Each structure stands twice: as structure tokens, then as C-alpha cells.
Amino acid sequence: MNKLKILLLGGDGFLGKGLQREFTARGVSFTSLDMKDVDLTDPDSVGQIALTMTEYSHVVHLASIVGIEVFNSEPEYGAAVNAQIYKNFIKALNLAYDFM
């Protein structure tokens, strides 16, 4: 019996979909969250993410804004959004697991 329970952030992207197939094939318990489930760019969502994280043995963070169109047309915007996503993820980790 597999004891892994994984929270997959950004599971609807290219890598996330591949991981979902792999987890399913291996019988790994997982939950996939994407922008339709929680807005990782919103600092107010940090508490919700932190509470959710504590229910899992592992967290895989793949959430980001991607696409060459975004980075060609608005590189500063794309970089700022991704930076905010990671900043909120780190805050959620700190809240969930009291790292700092």
C-alpha cells in the first residue's frame, strides 16, 4: 500500500498532467490544484494553501504562468506573476510547517 499523499500545485500544465498520469499509474494518492481552484498570485490565498498543505505528505509545486507569447509581449508581467506565485508558495510553506 502506497503511503504517499501528494498535493500537486499547477497540475493542469504540461508537466502536471504528465505527473498526474504517472501518479495514477502507480496508485499514488494525490490532489491537483490549479488556478481554477486557488489563486496562487493572491497573497490572501496563502492561509488557504497552508492549511491544505498540512494534509499531505509531499507538495509538488509546478504552478507558474508560462507561454512564449506572455514573455515575448510582456516579459516584466510574466516575471512578476511568477515571482508572486513563488513568494506566496514560500509563505504558505512557512505557515504550514513553521520553517522560520
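**A tour from the paired strands to helix 4**

Select strand 1 (5-9) and strand 2 (residues 29-33): the two pair in the parallel sense over five bridges. Pairing requires that DSSP find at least two bridges between the strands, and the elements are DSSP runs numbered from the N terminus (helices H or I, at least four residues; strands E, at least two). Next, follow the chain from strand 1 through helix 1 (residues 14-26) to strand 2, a β-α-β crossover that is right-handed; the term denotes a clockwise path from the first strand over the helix to the second, with the strands pointing away from the viewer. Then pick L9, whose bridge partner in strand 2 is L33.

The model is predicted, with local features requiring pLDDT of at least 70 and side-chain atom pairs pLDDT 80 or more, whereas totals for chains, interfaces and linings use all residues. Residues are numbered from 1 along each chain as its sequence is written, and side-chain values use heavy atoms, without hydrogens and water.

Move to helix 4 (residues 75-97): its 23 residues should span 33 Å at 1.5 Å a residue, and the end C-alpha atoms are 33 Å apart, which agrees. The expected span is 1.5 Å times one less than the number of residues. Its buried residues (under 20% relative accessible area, 1.4 Å probe, protein chains only) include V81, N82, I85 and F89. The buried residues of helix 4 pack against strand 1, helix 2 (46-53), strand 3 (58-61) and helix 3 (68-73).

Finally, select I65, in the loop between strand 3 and helix 3. Beyond its neighbours within four places in sequence, I65 is in contact (heavy atoms within 4.5 Å) with residues including V70, F71, V81 and N82. I65 and N82 are 17 residues apart in sequence and 6.1 Å apart in space, C-alpha to C-alpha.

How values were computed
Buried < 20%, exposed > 50% of the residue type's maximum accessible area, 1.4 Å probe, protein only.
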